[in-house]
Amino acid sequence: MNNSLKTPKKSLPFNWYYDEKTYQSEITKIFNKEWIYICHVDSIKPMHYRTLKIDNKSIVLIKNNEKKISVFFNTCMHRGSQIFQEEEGKMHSPVIICPYHQWSYKSSNGELLNTTSINYEKFSKKEYGLKNVNYHIWNGLIFINLGKNKNFSKKSVFQYYDDTFEKLNLNQFVTGHIWKKKVQCNWKIYWENYSECLHCPNIHPELSDLVPLYQRRLVDIKDHPEWNILKDKYSNPKFQGGLKDGSQTWSFDGNAQGHLLESVKEELESKGQIYISTWPSMFLGVYGDHVRVVRLIPTGPEEVELTAEWLFQKNTLNDPNYQKSNVIDFGILVMNQDADIAEINQKGLYNLGSEQGVLMPEEYIIYEFQKYIKKRLI
Ligand code: FES
Ligand SMILES: [Fe+2]
């Protein structure tokens with residue numbers, strides 16, 4: 001068995017990548033319904049908040065002094081003012097105060113503490129607490145669901161999952177760096193680019209040197225129809241998978257500086273990297289000495305915001321000799337290369353309206369992705 005598509009498949013119509021109506025239905029039918037990734041538990045410090053905007057909706061996530069998380073719609077229940085205006089900030093007390101008429105709420109559960117009005121006898125504070133947003137913390141990763149879906153199941157949330165991941169306890173990891181970038185392309189363009197490696201040798205020369213399989217424009221050795229014959233014939237990582245000889249992690253020099261993730265060391269030696277992903281908002285890679293999580297949130301039909309978090313074991317970051325820029329800047333290089341080509345992809349879409357391109361054998365993940373989109377929109 002191999003992964004490749006056996007016949008060419010039509011790609012999505014070009015105008016689905018800029019049409020305002022398509023975008024609005026993606027917001028309503030996908031982003032407002034699916035589990036959306038927010039951040040790793042360590043990316044938010046105690047007594048701090050984070051807001052997240054998905055189209056015209058805004059939510060706020062608060063971590064209290066006991067490291068407990070609460071998530072609310074960012075709306076005051078008096079007359080609907082937005083409460084938090086910034087993307088993140090410090091809480092000066094465990095009380096949330098609306099900037100308009102200063103109603104106050106308890107940050108741990110949203111309970112209305114006080115209004116600023118003369119008391120009504122019949123007014124019941126209980127009815128006017130902040131509205132909770134469903135959230136779920138899975139392996140240190142915080143997800144929300146704006147819809148009614150209260151069940152988080154690994155099977156339905158992650159389209160791509162690797163059991164090796166069970167051996168990692170991301171709860172114990174710490175955030176070493178956060179990087180944000182707005183890319184001028186439809187959110188699906190960035191996902192589709194992430195889902196294939198046909199572009200790897202020319203767009204990512206440094207990465208393709210590190211991961212020899214990528215020089216063959218493949219994501220997985222099983223993407224080639226004769227992968228098992230080739231695997232028996234050649235011992236080179238080009239056909240076996242894994243990093244080039246002597247390399248341990250995704251970094252400029254391939255060196256993990258003595259900080260390998262021990263629990264998944266063997267798997268990483270043979271595979272080079274391990275991926276899991278959840279549409280529409282997150283992909284995650286496990287590398288020799290770190291984990292990189294990338295969140296994608298559209299900010300319009302032709303713009304997507306990327307937020308990348310680098311997670312490390314505590315002792316790695318505590319080691320004064322560990323140069324984290326070796327992995328961080330390498331990840332940024334690769335993501336910028338992808339961003340640049342994704343913007344070029346976007347620019348070409350407008351000429352041909354509803355015409356469709358084609359998916360080639362190696363683009364089987366894009367085929368699944370487009371099936372997922374169509375199933376929800378049509
Ligand atoms: S709208 Fe928030 S206190 Fe009036
Ligand atoms: Fe890429």
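A crossing of two helices is left-handed if the near helix is turned anticlockwise from the far one by less than a right angle, and right-handed if clockwise. The model is predicted; local features need pLDDT of at least 70, side-chain atom pairs count only at pLDDT 80 or more, and totals for chains, interfaces and linings use all residues. Residues are numbered from 1 along each chain as its sequence is written.

**Exercise 1. Describe the packing of α3 on α10.**

Step 1. Helices (H or I, at least four residues) and strands (E, at least two) are DSSP runs numbered from the N terminus. Helix α3 covers residues 187-194 and helix α10 covers residues 325-347.

Step 2. Axes are lines fitted to C-alpha atoms, for helices over the stretch in contact, and angles run from 0 to 180 degrees between N-to-C directions. The angle between α3 and α10 is about 125 degrees, and their axes lie 10 Å apart. That angle makes α3 oblique to α10, given that under 35 degrees counts as roughly parallel, over 145 as roughly antiparallel, 65 to 115 as roughly perpendicular and the rest as oblique.

Step 3. The crossing of α3 past α10 is right-handed.

Step 4. Contact requires C-beta atoms, placed from the backbone, within 7 Å. From α3, Ile189, Tyr190 and Asn193 take part, and they meet Asp338, Ile341, Ala342, Asn345 and Gln346 of α10. By class, this contact has four nonpolar, three polar and one charged residues (Ala, Val, Leu, Ile, Met, Phe, Trp, Tyr, Cys and Pro are nonpolar, Asp, Glu, Lys and Arg charged, and the others, Gly among them, polar).

**Exercise 2. Determine how far α3 is covered, and by which elements.**

Step 1. A residue is buried if 20 or more other C-beta atoms lie within 10 Å of its own, exposed if 12 or fewer, and partly exposed in between. In α3, eight of eight residues are buried, including Trp187, Lys188 and Trp191.

Step 2. The buried residues of α3 pack against the strands β12 (173-183), β14 (282-287), β15 (290-300) and β16 (303-313), and against the helices α10 and α11 (364-377).

Step 3. Across the protein, 36% of the 378 residues count as buried.

Key. Chains are lettered from A and ligands numbered from 1 in the order in which they are written. Two residues are in contact if their C-beta atoms, placed from the backbone, lie within 7 Å.
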